[in-house]
Amino acid sequence: MPGYEVFGEEERRALNELFDANGGVLFAHGFDALRKGVYKVREFEAAAARTFAVAHAQAVSSGSAALRVALAALGIGPGDEVIIPAFTFVATAEAVIQSGATLVVVDVDDTLNMAPDALEAAVTPATRAVIPVHMLGAPADMDAVGRIARRQGLRVIEDAAQAVGASYHGRYVGTIGDVGCFSFDAGKVIITGEGGMVVTNDRDTFTRARAYHDHGHEYSTTVGRGEEGAIGEGFNYRMTELQGAIGVVQLAKLDAIVKAQRANKAKLTALIGELGIRGRRLTDEAGELGDAIVMFFDDRETTARFLAGLKREGLGTKNVPDAMRWHFAKHWAHMFEKYGWYRSSYRTQWQRSADLLECAIALPVMVKMDDARIAAIGDKLRRICREAL
Ligand SMILES: *Cc1c(COP(=O)(O)O)cnc(C)c1O
């Protein structure tokens, strides 16, 4: 997720310009006399709405905050059940917990995204929302999720934190469900250090999201910030002008990032195909981001041998398995012990997900990989295969 690979001079210039142009106002709102018309967060939001062809975009302080704000904007809270996949970053679960809703975690399938049959089986009369997560740049099965959600009357919040710029049958992920959430943290596709965004095509959902991310502010067009009213409760999940200024620059690089990754992934995938290693099923091969290659092995022992080979050859992995602790529900004792859900079963629950994830390795694909580097990776993988498989 290589925003950090193409980060530097242009972003530095944007920060200098911010100080030169608006005297260093870093707050996204107010200070109208001082800032000389420079509103970088608003500019970032408008550019994102244009880029992703969505009606409304609300920048927030992180991807985690985006999820929390999205849940609040849909009015989800205590007494509601929210369904998430077992393979996601822990923040998806945390946002549900912080909303006061009950967390329901379901299996993933060989797409490594939410299994539609597991979603369907988990719906109860209390279920209000489902959060499909587009993991490792690849879209979840939004057709199936959407069908189930419509039939069961569920709201759909897309966690597109890892898939900014990916598309599903011609539409950007994040813009397909009721609300979409992006992250721009330091490891993501485009980065603002910390940052996130909530996108939606629904005006009322946007109004509630904007209010919730900023203490309930109604965003009046007639009175100043100090005098305006609140349309509901909220908190501070605001983005700063520093992040907004960098976001504008990074967003303009998104297309080039995705193009380069996809080209590099195609070359690496061809190599891995020659080796006879099974890959992940993709719901939209042309639309996925191409920043990771998932390889499946027959059993845990083979996976461990392959992983040892990667280490020996100096090749890294991407979250699977190096950060599984934070991405697979089986390891979230610190939440389940406290809240009681799955307290007795989290170690053995989600066996279908475990059988996939514990026999999987994800290789990172970078923006900057020349053919010599790709060929060298191919040589190393061939050596590892000879010894491990
Ligand atoms: C990174 C991430 C988040 C949280 O984003 P932050 O900006 O780091 O708070 C949420 N969900 C997924 C799937 C992520 O990868």
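Domain bounds, as used below, come from an automatic or database domain assignment. The model is predicted.

**Exercise 1. Determine how the chain is divided and how far apart the C-alpha centres of its domains lie.**

Solution. Begin with the assignment: domain 1 covers 3–253 and domain 2 covers 255–388. Next, take the C-alpha centres of domain 1 and domain 2, which are 26 Å apart. Then turn to the contact, to which domain 1 gives 48 residues and domain 2 gives 41 residues.

**Exercise 2. State how much area domain 1 and domain 2 bury between them, and identify the residues of domain 1 that lose the most area to domain 2.**

Solution. The area buried between domain 1 and domain 2 is about 3700 Å², with 60% of it on carbon and sulfur atoms. On the side of domain 1, the residues that lose the most are Glu5, Asp110 and Leu136, together 18% of what that side buries. The phi of Leu136 is near 50°, a positive value in a residue other than glycine.

**Exercise 3. Describe the polar links between domain 1 and domain 2, and the make-up of the side of domain 1 that touches domain 2.**

Solution. First, the count of residue pairs in polar contact between the two domains is 21. The elements that each give two or more residues to this side of domain 1 are helix 5 (91–99), strand 3 (102–106), helix 6 (116–122) and strand 6 (167–168). Strand 3 provides the largest share, five residues. Sorted by class, this side of domain 1 has 29 nonpolar, eleven polar and eight charged residues.

Then consider salt bridges: three are found across the interface of domain 1 and domain 2. Separately, the salt bridge of Arg281 with Asp110 has its closest N and O atoms 2.9 Å apart.

**Exercise 4. Which residues are closest to the ligand, and which polar side-chain atoms approach its oxygen and nitrogen atoms?**

Solution. The ligand is surrounded by 16 residues, the closest being Gly63, Ser64, Ser183, Asp185 and Lys188. For oxygen atoms of the ligand, a polar side-chain atom of Ser64 is at 2.5 Å, and a side-chain N or O atom of Asp185 is at 2.6 Å. For a nitrogen atom of the ligand, a side-chain N or O atom of Asp159 lies at 2.8 Å.

**Exercise 5. Characterise the peptide bond from Val320 to Pro321 and locate Pro321.**

Solution. The bond from Val320 to Pro321 is cis, its omega being near 5°. Pro321 is in the loop between helix 10 (300–312) and helix 11 (324–327).

Conventions: Residues numbered from 1 in each chain as written. Predicted model: local features only at pLDDT ≥ 70, side-chain atom pairs only at ≥ 80, totals over all residues. Heavy atoms only, no water. Contact = heavy atoms within 4.5 Å. Buried area = accessible area lost by both parts, 1.4 Å probe. Salt bridge = Lys/Arg side-chain N within 4 Å of Asp/Glu carboxyl O. Polar contact = N/O pair within 3.5 Å; in protein donor to acceptor, adjacent residues only side chain to side chain. Helix = DSSP H or I, 4+ residues; strand = E, 2+ residues; numbered from the N terminus. Nonpolar A, V, L, I, M, F, W, Y, C, P; charged D, E, K, R; others polar. Near = heavy atom within 4 Å.
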